Structures are given as structure tokens and as C-alpha cells.
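Here is a friendly briefing to read alongside the coordinates. Have the viewer open as you go through the points.

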Amino acid sequence: MALDILPDERALRISRRERALAQMEAHDLDVLVLGRQANVRYFSGAPQLWVAGTRPFGPICTVVRSTGEIHLNSTWDEGIPEDIPHDHLYGLAWNPMTLIEVLRSIEGTSTARRVGTDALTPSFAKLLPMAFPSAELVDGEIAMRAARRIKTADEVAALRGALRVAEDSLAIAVGELREGTTEQTLTGVMLEAQAAGGVSTPATQDGAWVTSREHPWRRARSDGRVEDGDLVAFAAGALADGYLGEVGRTWPVGDVAGREIQALYERWNTLWDRLVAACRPGRPASELLSAYDAANEPLPPMPVAHGLGLGFDPPVVTPQLPSTAAQEILEPGMVLSVTGYVWHEGVGAVLGREAVLVTPDGPEVLTSIPSWNSHAGVGIG
């Protein structure tokens with residue numbers, strides 16, 4: 001576990017930066033003014049201060065396409081890559097006009113014709129034209145999404161690292177699963193394991209829950225206590241080195257040799273075969289929704305899939321946005337978090353979540369932690 005705050009590896013930074021600059025050119029953006037944490041790190045490679053909740057927009061990172069120079073809002077040098085010199089750093093300011101003066105002084109901003117931002121507040125919508133007097137302000141998030149949706153080889157390696165932390169923490173939590181424990185205890189074990197693995201910013205604090213036998217989406221009971229015969233879902237999410245790794249598994253408790261539970265896991269296997277088969281280049285993301293219909297399973301309320309990267313990346317495949325899913329075409333290099341979910345009244349639910357890399361030859365499942373073997377018929381006692 002590193003004690004120093006270090007920038008992302010040079011190869012990772014450069015490969016991402018090349019993709020982002022190419023998208024700036026493709027979208028005819030002279031300058032990008034970025035405020036969203038994932039976009040700032042994608043371009044700069046500098047770790048950002050993590051906070052719980054959303055942030056208002058601010059000009060945290062400014063990129064000039066003609067020079068390739070990156071100017072970063074930071075009050076210290078720790079974690080700043082060597083290719084962003086000290087004189088390209090600017091501090092925090094209570095007066096937004098101070099930031100506008102900083103942007104004005106950056107070489108190439110005064111002649112910029114098109115300036116993209118990844119978000120805007122009403123105040124900065126009025127202020128930014130002062131910094132870029134000759135420019136049209138446009139949506140720069142489109143360019144950043146295009147860059148981030150396809151992962152470089154170095155990004156896939158970083159994602160594998162985040163997935164290992166998530167998988168290890170899930171396995172440790174499963175090891176503590178027994179009758180009489182609680183959802184809160186299991187979640188705490190999972191978060192403690194992630195911290196031991198060097199991750200202090202879990203992606204979620206809702207890591208384990210007892211699935212209901214009476215309702216397809218609800219928890220089994222309000223006190224969160226685990227009882228014999230329960231099906232307990234685990235969902236581990238780890239934010240490691242900026243990248244999000246997610247994995248989900250469901251484990252039974254006690255004597256669960258009955259056919260109904262085995263049949264439920266077999267239904268999940270059938271659904272998963274159809275889901276992973278849909279993760280092929282050239283296919284619309286809507287085929288992930290169709291996989292549920294083909295397996296005769298109702299769609300879950302949560303997204304069936306979403307992109308993994310520096311946080312959530314496009315696409316987001318959800319039953320609530322079928323038209324959007326139909327327009328999203330899967331491409332080689334995309335990494336998806338894919339969720340399979342089946343439920344049976346009187347039994348409970350089985351949730352499984354896998355990370356899938358779309359390759360030119362088809363899907364590659366990046367997660368490797370084992371699932372419960374339904375044929376063994378033995379749960380956690």
C-alpha cells in the first residue's frame with residue numbers, strides 16, 4: 001500500500017491523453033475546460049481529492065489543443081505528473097474573477113474559437129465568455145465520453161487491479177457469512193478488507209443484503225439479520241487508482257440442497273449465457289435488455305450494464321432508456337459491468353455481476369471469483 005500520493009503511470013497518462021486530444025480535434029475544440037473529477041484525471045493523470053457527493057462546476061483542468069499544455073487547479077505539487085510544470089498550477093480562489101484572470105493568461109485561450117466544457121453552472125456560463133472572448137462555448141462532455149468509452153491496454157490493466165481488490169473483499173465477506181450475522185456486519189467486513197487492500201474510497205457502502213422471498217426487489221427483513229435458507233447477495237465496488245471495479249455474487253445460508261434453489265441458479269446461468277453472448281462488437285447495447293426476454297426473465301430495476309472506467313463510463317443500459325440502449329453500438333475496448341438477476345417467490349433472488357471486456361473476437365470476462373456451485377447443494381453454515 002503506497003503512502004505517497006503518486007500520479008498515474010506515464011504510459012497510462014500518455015495513452016489516455018492521446019485519445020482525448022484526438023477527440024478534441026475530431027470535435028474541433030480549441031480548448032477544454034474540465035470540472036468533473038474523472039475527466040480531469042483522464043487528461044492530467046493527477047489524483048483528485050475524493051469527496052462524498054457531487055461538486056459544483058469549476059475550471060479545474062484547462063487543456064489547449066494547439067500546444068497540448070495542461071493547466072491544473074492545485075495548491076500543491078504532490079501527485080502532479082512531471083509533464084505538468086509548477087507554473088501550470090493555479091490555486092483556489094473565493095473570487096471567481098481570479099480564476100477567469102488565470103484562464104485569460106493561458107497561451108492560446110484569447111484566440112480560441114470553440115471552447116468545450118464538461119458541465120456549467122449559471123454563474124460560470126456568464127463568466128467563461130470573459131476568459132474566451134472570441135469563442136463559442138459548446139458541450140465538451142461529448143468528446144470526453146468518446147475518448148473514455150474505449151479503454152487502452154493500460155486502462156484494462158488498471159481495471160484488473162481494481163477488480164482484484166473488489167473480488168478479494170467479497171471473498172472475505174462471504175467467509176463471514178453464517179446464520180445470525182447481519183447485513184451491516186458483512187458490509188463492514190467487506191469495507192475493512194478493501195481498506196486493507198489500500199482502497200479508502202469504496203464505490204458503495206451497501207455491500208450485502210438478504211434477498212426477499214416475498215418481493216423481487218426488496219430486502220428480506222428490516223433488521224438485516226441472516227437466517228437459515230436465505231440467499232444473500234454481495235456487491236463489491238472498489239475505486240482503486242481512480243478506476244472502478246465491480247463484482248456481485250449470491251451465496252445461500254444453511255441447508256440449501258432443495259431443487260428450487262438449484263433451479264434458480266440454473267436460471268441465472270441460462271440468463272448469463274445470453275448476456276455475455278450479447279457483449280460482441282457491432283451489437284447494439286439493447287441486446288443486453290433482450291437477453292432477459294430471451295431467457296424469459298423480467299428486467300431488473302437496476303441497470304443491466306454500464307461502462308467501467310474512471311467511475312461510470314458510457315453506455316448505461318437500463319430498462320428505463322430502451323431507445324438510448326438501441327443507439328449504443330458496442331466496440332472493441334469497451335469494458336462493461338453486466339448484471340444478471342433472477343428471483344423466485346418463496347426462494348429469493350440470485351444476483352451476479354461481472355466485468356466484461358469487448359474484444360474484436362468477442363467477450364472476455366475479467367472477473368474470476370467463483371460463484372456458488374448449485375450442484376454441490378451446500379451453503380454457508
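Predicted model: local features only at pLDDT ≥ 70, side-chain atom pairs only at ≥ 80, totals over all residues.

Residues are numbered from 1 along each chain as its sequence is written, and side-chain values use heavy atoms, with hydrogens and water left out.

**Whole chain**
- The chain has 10 helices and 14 strands, taken as DSSP runs numbered from the N terminus (helices: H or I, at least four residues; strands: E, at least two).
- Its radius of gyration, 23 Å, is close to the 21 Å that the globule rule gives for 381 residues, so the chain is as compact as a globular protein of that length; the radius is taken over C-alpha atoms, and the rule is 2.2 Å times the number of residues to the power 0.38.
- Buried residues (under 20% relative accessible area, 1.4 Å probe, protein chains only) make up 52% of the 381 residues.

- Six strands form an open, mixed sheet in the order 4-3-2-1-5-6, where pairing requires at least two DSSP bridges between two strands.
- Strand 4 (89–90) and strand 6 (136–139) are at the edges with a single partner strand each, so one side of each lacks a neighbour in the sheet.
- Strand 1 (residues 31–34) and strand 5 (residues 114–117) run parallel, joined by three bridges; Val 31 stands opposite Val 115 in strand 5.

**Around helix 9**
- In helix 9 (residues 286–294), the buried residues are Ser 286, Leu 288, Leu 289, Ala 291 and Tyr 292.
- Their cover includes helix 8 (259–277) and strand 12 (335–344).
- Just after helix 9, Asn 296 takes a positive phi of about 60°.

Key. Buried < 20%, exposed > 50% of the residue type's maximum accessible area, 1.4 Å probe, protein only. Contact = heavy atoms within 4.5 Å.
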